[in-house]
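User: I have a new model open and would like a walk through it. Could you start with whatever you have on screen?

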Amino acid sequence: MTLSEAIMSRLNSIIKVRELRRRVTYTLIMFMIARIGVHIAVPGINMAAFGKITSNPLAQFLDLFSGGAIQRASIFSLGITPYINASIVFQLLGVLYPKIEEMQREGGKQRETITQWTRYLAIGIAIVQSAGISFILQAQRIVIEPGFTFVISTVALMTGGAAFLMWLSERISIKGIGNGTSMLIFLNIVANLPQVSFNMTKGLNVSTYGRILLASSILLFIFIIVVMVIIQLGERRIPIQYVGKASRGFGQGPSSVGKKTFLPVKINTAGVMPIIFASMLMAIPGLIVTAIKDPVKHKYWEKLLGQTGWLHLLITALLIILFSFFYTAIVFDPDKIAESLKQSGGTLPLKRAGSETADYLEEVVTTITYGTAVFLAILGILPNIWFGYIVNMPVMIGGTSLIILVGVAVELIQQIDSHLAVKKYKGFVNSHRPKRVK
């Protein structure tokens, strides 16, 4: 099946399957609402002066994640960042405090409590961030009527915008398709791609050497996309031995339980969340550098912590690796899988059921994550190195943005296929049910 045939097949399935059509439609409506909010600006700002301070590379890079909200001084300028940062805090607290980790794993009311605490913390972070932005705007003298009223209105509008996006992301996760947080970031990146492509073409398509660099950049992006798709779809299959696997049926033929069974372990168990977490955290040093007014110190720290600074690239790579292991440990629970296999009568070859199986699964996942995390880190900083040291121009689209874009798209396709598989299974079961005799 060609790529165009695969795309058309899924589009037809979305149209035909009612449940899938409803979820996709709901997600698109939420996307439309999110894009409308981006164009609602915070009142009281001199937009002509504001455009000058948002023309620096860091602001343009952060604007890519907000879908143009920062450039427009929108009420959605904070984006989904406060919610992501709050989630990071509670996941880190889960490592430090076993009680919180236990609540996260149990699910039900316990997990709902953690979710509610995360929302409260996200609102608190949004208040602090919006207050800081209002003071910075007044310090830059781009506020038409500075004062207490401007600070209160800016905090209320930006915090309300962040809370509304948090609600949108949760609604998408529940009633739509895909992870709401990832889908909103995906939407923002896609919304800015036409402008990014235009700026890159305009900046490079001026000479023969520039055209060569432009073609090389496109090939680099295609390479990253292909590799990321392979990583997202790749899996390690661990064979499972069930009781009675080698038994014979009454006709001395192989029994129905004799089919080979595997435990599929994704190569990239953590998905795109480690890259999202790393990107959000690395925005903080850049904002601090922007606030430095001394030209000498600003230039020094910009060289280190700018989008192409060696320290920025090193910390970004380390954070991606760290969060890959951290998030994998949260998502993949070897003890739970080993217990499930034990209860169903399944064992791994040459491994005892229980703790030995759990230890083996943990060893396999850790080994896989070593390679995947390092590879994701390299892919994450490669475009920054390319733009900063070879093309010699501001980073138009970073590796983390590209990886998030591809990763979320692949996860979305997998979720669509999962819904289709469930639909086919239900149809098969219903067709083989005995009809009731009236």
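**Walking through the model**

Analyst: Helix α14 is followed by Gly345, whose phi is positive, near 80°. Helices (H or I, at least four residues) and strands (E, at least two) are DSSP runs, numbered from the N terminus.

User: What kind of model is this, and how are residues numbered?

Analyst: This is a predicted model, in which local features need pLDDT of at least 70 and side-chain atom pairs count only at pLDDT 80 or more, while totals for chains, interfaces and linings use all residues. Residues are numbered from 1 along each chain as its sequence is written, and side-chain values use heavy atoms, with hydrogens and water left out.

User: Back to α14. Which of its residues are buried?

Analyst: In α14 (residues 334-343) they are Pro334, Ala338 and Leu341. Buried means under 20% relative accessible area, exposed over 50%, and partly exposed in between (1.4 Å probe, protein chains only). Seen down the axis of α14, the buried residues fall within an arc of 60°, so they line one face of the helix. That arc is taken from the directions from the helix axis to the C-beta atoms.

User: What do the buried residues of α14 pack against?

Analyst: They pack against β1, β3 and α15. Contact here means heavy atoms within 4.5 Å.

User: And which exposed residues does the face turned away carry?

Analyst: Asp335, Lys336 and Gln343. Asp335 also features at the start of α14, where its backbone nitrogen has a side-chain oxygen of Asp333 within 3.3 Å.

User: You mentioned strands. What is the order in the sheet?

Analyst: The order is β2-β1-β3, in an open sheet of three strands with antiparallel pairing. β2 (261-266) and β3 (346-347) are at the edges with a single partner strand each, so one side of each has no neighbour in the sheet. Two strands pair if DSSP finds at least two bridges between them.

User: How many bridges join β1 to β2?

Analyst: Six, and the two strands run antiparallel.

User: New topic. Is Ile88 buried or exposed?

Analyst: Ile88 counts as buried, at 5% relative accessibility. Ile88 sits in helix α5 (residues 81-96).

User: Which residues is Ile88 in contact with?

Analyst: Leaving aside neighbours within four places in sequence, Ile88 is in contact with Phe277, Leu281 and Phe323. Ile88 and Tyr327 are 239 residues apart in sequence, but 9.9 Å apart in space, C-alpha to C-alpha.

User: Where is confidence lowest, and where highest?

Analyst: It is lowest in helix α4 (residues 57-66), at a mean pLDDT of 61, and highest in helix α8 (residues 148-175), at 90. Over residues 245-258 the pLDDT is below 50, and this stretch has 13 contacts in the model beyond near neighbours in sequence. pLDDT is the predictor's confidence in each residue, from 0 to 100. Where pLDDT is low, the predicted coordinates should not be read in detail.

User: And what does the chain average?

Analyst: A pLDDT of 79, with 85% of the residues scoring at least 70.

Methods
Polar contact = N/O pair within 3.5 Å; in protein donor to acceptor, adjacent residues only side chain to side chain.
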